[in-house]
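Student: I am new to this structure and would be grateful for a guided reading of it. May we proceed by question and answer?

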Amino acid sequence: MKKEVKDTIIAELGEKVKEYGHFYLVDVTGLNAEQTSALRRKCFQKEVKMVVVKNTLLQKALDASEVDFEPLYEVLKGNTAMLFCNTANVPAKLLKEYTKDGIPALKAAYAEEGIYVGADKLEELSAIKSKNEVIADIVALLQSPAKNVISALQSGAQTIHGVLKTLGERPE
C-alpha cells in the first residue's frame with residue numbers, strides 16, 4: 001500500500017473518531033463473508049457504521065487524536081472491525097444479540113468518554129443509558145410530584161362537589 005493511501009485512511013479514521021462520539025473494536029476473526037455481510041446489514045439497520053481496519057493504521061489515527069487512547073493499543077491484534085455510533089449502548093446490544101460462540105467478540109470500546117477493554121465489559125456497555133433515555137427518566141421523575149399534587153387537588157374537588165351535591169339534594 002502506498003504512503004498516500006495510508007495517510008488518507010489514517011485521516012479518514014481520525015475524522016470518524018471525531019464525528020462519532022463512541023466506537024467499539026470488535027474481533028471478526030472466524031466470520032466468513034456471509035456472516036460479515038449479515039453483521040454489516042444489522043449494523044446498518046441500527047445506524048451503526050462498521051469499518052474493517054488495519055491495526056497499525058488505526059493506532060496511528062488514534063495517536064493523532066486529542067484523546068489518550070493508549071489503553072486500546074494492547075487489543076489491536078488480529079482482525080479488527082470498528083463500529084461507530086452516536087448512541088453508546090447500541091453496538092453493545094447488537095453484539096449481545098448477535099454473538100454466538102464468542103464471534104464477533106468485543107475487544108474494547110470508547111463510550112461516554114470512557115475506555116472499556118475486554119469482552120467482559122459487554123454487559124456494562126449495554127447497560128449504559130443513552131442521552132434520550134436519561135432525559136426521559138428525568139422528565140418522569142419531575143412529573144411524578146406534579147401528578148400527585150394534581151391528583152390530590154382533583155380528589156379534593158370531587159369530595160367537595162359530592163358534599164355540596166348531597167347538601168343540595170337534601171330536603172329542607
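Tutor: Let us begin with a term: a residue is called buried under 20% relative accessible area, exposed over 50%, and partly exposed in between. Please keep in mind that the model is predicted.

Student: Is glutamate 113 buried or exposed?

Tutor: Glutamate 113 is placed in the loop between β4 and β5, and its phi is positive, about 60 degrees, although the residue is not a glycine. Its relative accessibility is 71%. The limit for this class is over 50%, so glutamate 113 counts as exposed.

Student: What class of accessibility does glutamate 112 have?

Tutor: Glutamate 112 also lies in the loop between β4 and β5 (114-117). Although glutamate 112 is not a glycine, its phi is positive, at about 50 degrees. With 43% relative accessibility, glutamate 112 counts as partly exposed.

Student: How many helices and strands does the protein chain have, and in what pattern do they follow along the sequence?

Tutor: The protein chain contains six helices and five strands. Read along the sequence, their pattern is α-β-α-β-α-β-α-β-β-α-α.

Student: What share of the residues in the protein chain is buried?

Tutor: The accessible surface of the protein chain is about 11200 Å², with 54% of it belonging to carbon and sulfur atoms. Of the 172 residues in the protein chain, the buried share is 34%.

Student: What distance separates the end C-alpha atoms of helix α2?

Tutor: Helix α2 covers residues 33-45, which makes 13 residues. At 1.5 Å a residue, the helix should span 18 Å. The distance in the model agrees with this, because the end C-alpha atoms are apart by 18 Å.

Student: Which residues of α2 are buried, and within what arc do they fall?

Tutor: The buried residues of α2 are Thr36, Leu39 and Cys43. Seen down the axis of α2, they line one face of the helix, because they fall within an arc of 60 degrees.

Student: Which elements do the buried residues of α2 pack against, and which residues are exposed on the other side?

Tutor: The packing partners of the buried residues of α2 are β2 (49-53), β3 (80-85) and α4 (90-98). The exposed residues, on the other side of α2, are Glu34, Arg41, Phe44 and Gln45.

Student: What is the C-alpha to C-alpha distance between alanine 38 and tyrosine 98?

Tutor: Alanine 38 lies in helix α2 and counts as partly exposed at 21% relative accessibility, whereas Tyr98 is among the buried residues of α4. Alanine 38 and tyrosine 98 are 60 residues apart in sequence, and their C-alpha to C-alpha distance in space is 9.8 Å.

Student: Which elements do the buried residues of α4 pack against?

Tutor: In α4, the buried residues are Pro91, Ala92, Leu94, Leu95 and Tyr98. Viewed down the axis of α4, they fall within an arc of 160 degrees, so they line one face of the helix. They pack against β1 (22-27), α2, β3, β4 (105-111) and α5 (122-126).

Student: What covers the buried residues of α3?

Tutor: Asn55, Leu57, Leu58, Ala61 and Leu62 are the buried residues of α3. Because they fall within an arc of 160 degrees, seen down the axis of α3, they line one face of the helix. Their cover includes α1, β1, β2 and β3.

Student: How many salt bridges are found in the whole structure, and which residue forms one with aspartate 7?

Tutor: Side chains of opposite charge can pair when their charged atoms come close. A search of the whole structure finds two salt bridges. With the closest N and O atoms 3.6 Å apart, the partner of aspartate 7 is lysine 3.

Student: Which residue meets lysine 18 in a salt bridge?

Tutor: The N to O distance in this salt bridge of lysine 18 is 4.0 Å. The pair links distant parts of the chain, 48 residues apart, from helix α1 to the loop between α3 (55-63) and β3. Lysine 18 is exposed at 53% relative accessible area; its partner is glutamate 66.

Student: Which residues make the nonpolar surface patch of about 270 Å²?

Tutor: One of its members, isoleucine 138, is placed in helix α6 (residues 131-169). Isoleucine 138 counts as partly exposed, because its relative accessibility is 44%. The patch is made by Val134, Ile138 and Leu142.

Technical notes:
Residues are numbered from 1 along each chain as its sequence is written. This is a predicted model: local features need pLDDT of at least 70, side-chain atom pairs count only at pLDDT 80 or more; totals for chains, interfaces and linings use all residues. Side-chain values use heavy atoms; hydrogens and water are left out. Patches are made of residues with over 30% relative accessible area and no salt bridge: like charges are joined within 9 Å, nonpolar side chains (Val, Leu, Ile, Met, Phe, Trp, Tyr) within 5 Å. Accessible areas come from the Shrake-Rupley method with a 1.4 Å probe; for residues, only the protein chains shown count as cover. A salt bridge is a side-chain nitrogen of Lys or Arg within 4 Å of a carboxyl oxygen of Asp or Glu. Helices (H or I, at least four residues) and strands (E, at least two) are DSSP runs, numbered from the N terminus. Buried means under 20% relative accessible area, exposed over 50%, partly exposed in between (1.4 Å probe, protein chains only). The expected span of a helix is 1.5 Å times one less than its number of residues. The arc is that of the directions from the helix axis to the C-beta atoms. Contact means heavy atoms within 4.5 Å.
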